Amino acid sequence: MRHMTALTVRVSDSGDDVEALLLRPDDARWLLVFAHGAGAGMHHLFMENLARELAACRVASLRYQFPYMQQRRKRSDAPAMLTATVRAAVIAASEAASDLPLLAGGKSLGGRMTSLAFAEERTATKADTTPVRGVVFFGFPLHPPGRPGTQRAEHLARVQVPMLFLQGTRDTLADLALIRPLCAKLAPATLYVVDTADHSFHVLKRSGKTDADVLSELARTVASWADSLV
């Protein structure tokens with residue numbers, strides 16, 4: 001059985017509360033603090049469907065909004081606000097499910113901001129809470145489309161926990177020719193490549209898979225990788 005709980009995450013004292021949803025299966029082994037991408041919030045089908053697939057693999061998830069998405073603004077918050085939201089969500093997750101080890105990460109922007117929060121501090125939690133064991137990227141946005149580069153990844157060398165990169169071969173925001181050597185230099189980092197997947201993890205028919213198959217594959221990969229951290 002799975003249990004859905006609505007939570008409120010307090011980001012600051014100036015009224016920047018955001019919504020969050022905790023989906024926890026009875027047999028959960030991990031909890032992933034799961035941030036959305038730049039253009040779609042925590043209710044996007046990708047987020048909802050992946051949360052269900054993670055639950056089927058015994059990984060609970062806490063999805064949350066960034067303030068700009070909560071307030072229905074088109075322009076993203078400044079990085080300082082985004083990373084503050086990541087930290088607040090991790091603390092909320094540790095309090096809501098204190099018995100579960102934590103992972104953190106997200107889709108595209110959400111994953112990058114999660115890693116930036118960890119690069120700024122040794123952990124993204126208060127000193128008296130359970131530290132996050134690893135960071136998961138569902139499509140790390142390494143560069144703008146058509147402009148290959150690695151500047152967006154410079155902070156990753158300062159992240160002190162294991163990282164899992166889930167990337168598609170057709171992702172125009174992450175040239176695999178750049179991602180592969182980047183992961184090889186980061187310790188410890190794991191790269192999992194999904195053939196023919198784009199930045200949204202849509203796959204071509206010739207792959208022999210459906211988008212639903214890919215989400216299940218991503219969830220299984222996260223669960224297996226997390227278990228290897230123990």
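The model is predicted, so local features require pLDDT of at least 70 and side-chain atom pairs count only at pLDDT 80 or more, while totals for chains, interfaces and linings use all residues. Residues are numbered from 1 along each chain as its sequence is written, and side-chain values use heavy atoms, with hydrogens and water left out.

**Nonpolar cores**

- The largest nonpolar core comprises 49 residues, and those with the most contacts inside it are Leu31, Leu62, Tyr64 and Leu156. Helix H3 (residues 79–96) gives the most to this core, with 7 residues.
- A second, separate core of 25 residues includes Trp30, Leu50, Ala197 and Phe201.
- A nonpolar core is here a set of buried Ala, Val, Leu, Ile, Met, Phe, Trp, Tyr and Cys residues joined through side-chain atoms within 4.5 Å. Buried means under 20% relative accessible area, exposed over 50% and partly exposed in between (1.4 Å probe, protein chains only).
- Beyond its neighbours within four places in sequence, Leu31 is in contact (heavy atoms within 4.5 Å) with Leu22, Ala60, Ser61, Leu62, Ala93, Ala97, Leu100, Pro101, Leu102 and Leu103.

**Helix packing**

- Helices (H or I, at least four residues) and strands (E, at least two) are DSSP runs, numbered from the N terminus. Axes are lines fitted to C-alpha atoms, for helices over the stretch in contact, and angles run from 0 to 180 degrees between N-to-C directions.
- Helix H1 (residues 45–56) packs against helix H6 (residues 211–228) at an angle of about 50°, with the axes 9 Å apart. That makes H1 oblique to H6; angles under 35 degrees count as roughly parallel, over 145 as roughly antiparallel, 65 to 115 as roughly perpendicular and the rest as oblique.
- In this contact, Phe46, Asn49, Leu50, Glu53 and Leu54 of H1 meet Leu215, Ser216, Leu218, Ala219 and Val222 of H6. The residues of the contact of H1 with H6 divide into 7 nonpolar, 2 polar and 1 charged. Ala, Val, Leu, Ile, Met, Phe, Trp, Tyr, Cys and Pro count as nonpolar, Asp, Glu, Lys and Arg as charged, and the others, Gly among them, as polar.
- The axes of H3 and helix H4 (residues 109–120) come within 9 Å and cross at roughly 85°, which makes H3 roughly perpendicular to H4.
- From H3, Pro79, Leu82, Thr83, Val86 and Arg87 meet Leu109, Met113, Thr114, Leu116, Ala117 and Glu120 of H4. The residues of the contact of H3 with H4 divide into 7 nonpolar, 2 polar and 2 charged.

**Prolines in loops**

- Proline 101 lies in the loop between H3 and strand E5 (102–107) and is buried, with a relative accessible area of 16%. Not counting residues up to four places away in sequence, proline 101 touches Arg29, Trp30, Leu31 and Arg133. Its C-alpha atom is separated by 9.7 Å from that of valine 230, 129 residues apart along the chain.
- Proline 144 lies in the loop between strand E6 (132–138) and strand E7 (163–168) and is partly exposed, with a relative accessible area of 23%. Leaving aside neighbours within four places in sequence, proline 144 is in contact with Arg152 and Thr172.

**Arginines with positive phi**

- Arginine 58, in the loop between H1 and strand E4 (59–64), has a positive phi near 70° and is partly exposed at 36% relative accessibility.
- Arginine 72, in the loop between helix H2 (67–70) and H3, has a positive phi of about 60° although it is not a glycine, and at 79% relative accessibility arginine 72 counts as exposed.
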